[in-house]
Amino acid sequence: MEFKGFLIVVKDAEKAKNYYQSLFGLTLLADNDGNMILSDGLVLQEEKYWRGFLGKDVTSKSNSSELYFEEEDVDAFYEKLKTLFPETEFVNPPMTHAWGQRVVRFYDPDGNLIEVGTPM
């Protein structure tokens, strides 16, 4: 068995694809009408399909998981994020943990939690 990726629910797959491409440089590998596979194992699935499969509502900002990315210069990334997506809701601005890792946490436009931190 092989782990292939992580699926997040989005309202509009095309809009989410553009967000992850412009902010993180991910590329589109497959587009299956509301179910997009991006590089690095990220899968975007439109909420209408997800609700149909599960028969349940999606809880935005559930804070039960996060997407984690590493970036050498978290402060430069923070400035890029504020410039490209000024409406971003931050959980915390750049901060340094006791173990020395610098991180920033925020929500994507669909309420998925993201952390960007310096490499460990």
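1. In this predicted model, Glu 89 and Lys 61 form a salt bridge, with 2.4 Å between the closest N and O atoms. Glu 89 belongs to strand 6 (residues 89-96) and Lys 61 to the loop between helix 2 and strand 5, so the pair ties together parts 28 residues apart in sequence. Glu 89 is partly exposed, at 39% relative accessible area, and Lys 61 is likewise partly exposed, at 36%.

2. A salt bridge also joins the side chains of Glu 47 and Lys 11 (3.1 Å, N to O). This pair links distant parts of the chain, 36 residues apart: Glu 47 sits in helix 2, and Lys 11 in the loop between strand 1 and helix 1. Glu 47 is buried, with a relative accessible area of 14%, whereas Lys 11 counts as exposed at 57%. Arg 51 is linked with Lys 11 and Glu 47 in a network of salt bridges.

3. The structure holds ten salt bridges. One of them is between the side chains of Lys 4 and Glu 2 (3.7 Å, N to O). Lys 4 is exposed at 63% relative accessibility, and Glu 2 is exposed at 58%.

4. Four strands make an open sheet with mixed pairing, in the order 1-4-3-2. Strand 1 and strand 2 (28-31) are at the edges with a single partner strand each, so one side of each has no neighbour in the sheet. On average, neighbouring strands of this sheet are turned by 20° against each other, direction ignored. Strand 2 and strand 3 run antiparallel and are joined by three bridges. Asp 31 stands opposite Met 36 in strand 3.

5. Two helices should be read together with these strands. Helix 1 lies across strand 1, strand 2, strand 3 and strand 4, and runs at about 155° to strand 4. Helix 2 (residues 47-54) lies across strand 1 and strand 4, at about 80° to strand 4.

6. The largest nonpolar core has 24 residues, of which Tyr 20, Phe 24, Leu 44, Phe 106 and Ile 114 touch the most other members. Elements giving two or more residues to this core include helix 1 (13-24), helix 3 (74-84), strand 7 (102-107) and strand 8 (113-117). Helix 1 supplies the largest share, six residues.

7. Which residues does Phe 24 touch, not counting those up to four places away in sequence? They are Tyr 19, Phe 69, Phe 77, Phe 106, Ile 114 and Val 116.

Conventions:
Residues numbered from 1 in each chain as written. Predicted model: local features only at pLDDT ≥ 70, side-chain atom pairs only at ≥ 80, totals over all residues. Heavy atoms only, no water. Core = buried A, V, L, I, M, F, W, Y, C linked by side-chain atoms within 4.5 Å. Buried < 20%, exposed > 50% of the residue type's maximum accessible area, 1.4 Å probe, protein only. Contact = heavy atoms within 4.5 Å. Pairing = 2+ DSSP bridges. Axes fitted to C-alpha atoms, helices over the stretch in contact; angles between N-to-C directions. Salt bridge = Lys/Arg side-chain N within 4 Å of Asp/Glu carboxyl O.
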